[in-house]
Amino acid sequence: MGKNIQSLFREMSVSDFFFIVVAIANVILLTYLGYGNYQNADKVAATQDRGEAIITWFSELAGKLEANEPIQPAACRPNDEDSKFIKGAKVNHWKDCVEALFAAKGPFESYTNLLKSDGLVYSMKCNRKDLLTSGSFIFEKMTINPAGPPGISPLEPGEKLISGLNIRLSVCDTGYYLVKIGEFKL
């Protein structure tokens with residue numbers, strides 16, 4: 001058998017050796033890239049699970065509002081539609097709420113960007129020009145349209161938190177596309 005292998009290699013030309021080397025290099029490269037993509041997909045799935053926990057928290061917030069229970073953080077308490085016109089009524093803004101959620105002692109303080117260690121945990125939009133938005137949560141305001149699909153716009157930091165505000169939560173994946181997680185209502 002050893003002589004058969006030796007005779008096989010003697011009859012191979014340089015182009016045959018080159019082809020074998022390139023084929024082995026391709027297999028190694030595909031394995032490496034496939035494993036990297038698998039790890040990134042696993043991180044996006046873990047971020048989606050975290051996003052579902054955020055949606056659950058906001059769903060429980062609605063129950064606490066109905067039961068008139070205290071809410072922590074207080075910056076996430078929405079005002080009633082009627083109270084926004086009352087003079088002197090304190091109105092909470094989205095920026096204060098989202099910062100309180102992910103700040104120290106907030107319910108999601110342990111959440112980090114799983115795709116980029118130095119990336120943002122949340123951002124206004126998924127932006128290819130800002131590489132740190134990959135892996136971040138994206139909160140979007142949904143405006144109900146009776147004639148068709150809802151209008152979607154970034155949730156601005158100065159947005160007033162009013163009861164009934166519809167919000168969609170997504171995650172920015174590695175290709176800077178939105179992966180929708182779910183929707184909730186304040």
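Predicted model: local features only at pLDDT ≥ 70, side-chain atom pairs only at ≥ 80, totals over all residues.
## Helices α2 and α3

Let's start with the helices. Two packed helices are described by the angle between their axes and the distance between the axes. Here, helix α2 covers residues 14–67, and helix α3 runs over residues 94–102. They pack at an angle of about 120 degrees, with 13 Å between their axes. An angle of 65 to 115 degrees would count as roughly perpendicular and one over 145 as roughly antiparallel, so α2 and α3 come out as oblique to each other. Their crossing is right-handed.

Ala62 is a handy landmark in α2. With a relative accessibility of 26%, Ala62 is partly exposed. Phe137 sits 75 residues away from Ala62 along the chain, and the C-alpha atoms of the two are 21 Å apart.

## A greasy spot on the surface

Take a look at Phe19, Ile20, Ile24 and Ile28: these residues make up a nonpolar patch on the surface. Together they have about 420 Å² of accessible area. Ile28, one of the patch members, belongs to helix α2. The relative accessible area of Ile28 is 56%, and because anything over 50% counts as exposed, Ile28 gets that label.

## Salt bridges

Side chains of opposite charge can pair when their charged atoms come close. A search of the whole structure turns up three salt bridges.

One of them joins Lys95 and Glu99, with an N to O distance of 3.7 Å. Both residues are in helix α3, and because they are four residues apart there, about one helical turn separates them. Lys95 is partly exposed at 40% relative accessibility, and Glu99 is partly exposed too, at 35%.

Then there's Arg168 with Glu140, whose closest N and O atoms are 3.1 Å apart. This pair links distant parts of the chain: Arg168 is in strand β4 (residues 166–172) and Glu140 in strand β2 (residues 137–143), 28 residues apart. Arg168 and Glu140 are both buried.

Lys141 and Glu159 also meet in a salt bridge, at 3.2 Å from N to O. Lys141 is in strand β2 while Glu159 is in the loop between β3 (151–154) and β4, so this pair ties together parts that are 18 residues apart in sequence. The cut-off for buried is under 20% relative accessible area, so Glu159 at 18% is buried, whereas Lys141 at 22% is partly exposed.

Most residues other than glycine have a negative phi, and most peptide bonds are trans. A few spots in this model go the other way. The peptide bond from Gln72 to Pro73 is cis, its omega being near 0 degrees. Pro73 is in the loop between α2 and α3.

Asn68 is exposed, with 61% relative accessibility. Tyr176 is another non-glycine residue with a positive phi, this time about 65 degrees. You'll find Tyr176 in the loop between β4 and β5 (178–185). At 14% relative accessibility, Tyr176 is buried, whereas Asn68 is exposed.

Technical notes:
Residues numbered from 1 in each chain as written. Heavy atoms only, no water. Patch = residues over 30% accessible without salt bridge, like charges linked within 9 Å, V, L, I, M, F, W, Y side chains within 5 Å. Areas by Shrake-Rupley, 256 points an atom, 1.4 Å probe, with all protein chains shown as cover. Salt bridge = Lys/Arg side-chain N within 4 Å of Asp/Glu carboxyl O. Helix = DSSP H or I, 4+ residues; strand = E, 2+ residues; numbered from the N terminus. Buried < 20%, exposed > 50% of the residue type's maximum accessible area, 1.4 Å probe, protein only. Axes fitted to C-alpha atoms, helices over the stretch in contact; angles between N-to-C directions. Parallel < 35°, antiparallel > 145°, perpendicular 65-115°, else oblique. Left-handed = near helix turned anticlockwise from the far one by under 90°.
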